[in-house]
Amino acid sequence: MEKIEVNVSWCDKNFGASLGENVPGAVVITAKSYDELLDAVRETLKFHVEGMVADGDDVPQWLRDGDYEFEFHLDAAALLQMCSPYASIAAISRASGINQHLLSHYANGIKKPRQAQRKRIIEGIHRIGRELIAVE
């Protein structure tokens, strides 16, 4: 099974995604919500492959057969925006130890975190998730 990398960004109040290099042609998707984006990625790729086949383009067999899975990579802004229905910036700030104002800059794409900061954000989100799962 082939993996298709989906690079997700936060683009001016929308999620934007592009598909990895193993998919022929340029495929770009936008959506208002992360859930809409997930659906749109699947639908758009199917439509793209059907169009390439109809045009007689060279399409790898694994892509024609749907023998692939998506691997999503979210930038910091997209990650924070994706979590916003479930955890506030204030909650992520408390869980990660990162200043709330700075997190807001990350969430709005004003600043980009270094790799170590991104790791702290993810660990904070995981901490919130573990605490919620522990509730009985």
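**Exercise 1. Does Glu5 count as buried, partly exposed or exposed, and what is its relative accessibility?**

Before we start, a word on the model: it is predicted, with local features needing pLDDT of at least 70 and side-chain atom pairs counting only at pLDDT 80 or more, while totals for chains, interfaces and linings use all residues. Residues are numbered from 1 along each chain as its sequence is written, and side-chain values use heavy atoms, leaving out hydrogens and water.

*Solution.*
- Step 1: locate Glu5 in strand 1, residues 2-10. Strands (E, at least two residues) and helices (H or I, at least four) are DSSP runs, numbered from the N terminus.
- Step 2: apply the cut-offs, which are buried under 20% relative accessible area, exposed over 50% and partly exposed in between (1.4 Å probe, protein chains only). Glu5 has 37% relative accessibility, so it counts as partly exposed.
- Step 3: look at its surroundings. Leaving aside residues up to four places away in sequence, Glu5 touches Ser18, Leu19, Gly20, Glu71 and His73; contact means heavy atoms within 4.5 Å.

**Exercise 2. Find the buried face of helix 6 and its packing partners.**

*Solution.*
- Step 1: check the span. Helix 6 (residues 115-133) has 19 residues and covers 27 Å from first C-alpha to last, close to the expected 27 Å; the expected span is 1.5 Å times one less than the number of residues.
- Step 2: pick out the buried residues of helix 6, namely Gln117, Ile121, Gly124, Ile125 and Ile128. Down the helix axis they fall within an arc of 95°, so they line one face of helix 6. The arc is taken from the directions from the axis to the C-beta atoms.
- Step 3: turn to the other side of helix 6, where Gln115, Lys119, Arg130 and Ile133 are exposed.
- Step 4: name the partners: the buried residues pack against helix 3, helix 4 (89-96) and helix 5.

**Exercise 3. Describe how helix 4 meets helix 6.**

*Solution.*
- Step 1: take the axes, which come within 8 Å and cross at roughly 105°. Axes are lines fitted to C-alpha atoms, for helices over the stretch in contact, with angles from 0 to 180 degrees between N-to-C directions.
- Step 2: classify the pair. Helix 4 and helix 6 are therefore roughly perpendicular, a term for angles of 65 to 115 degrees.
- Step 3: list the contact: Ala91, Ile92, Arg94, Ala95 and Ser96 in helix 4 meet Arg120, Ile121, Gly124, Ile125, Arg127 and Ile128 in helix 6.

Technical notes: Parallel < 35°, antiparallel > 145°, perpendicular 65-115°, else oblique.
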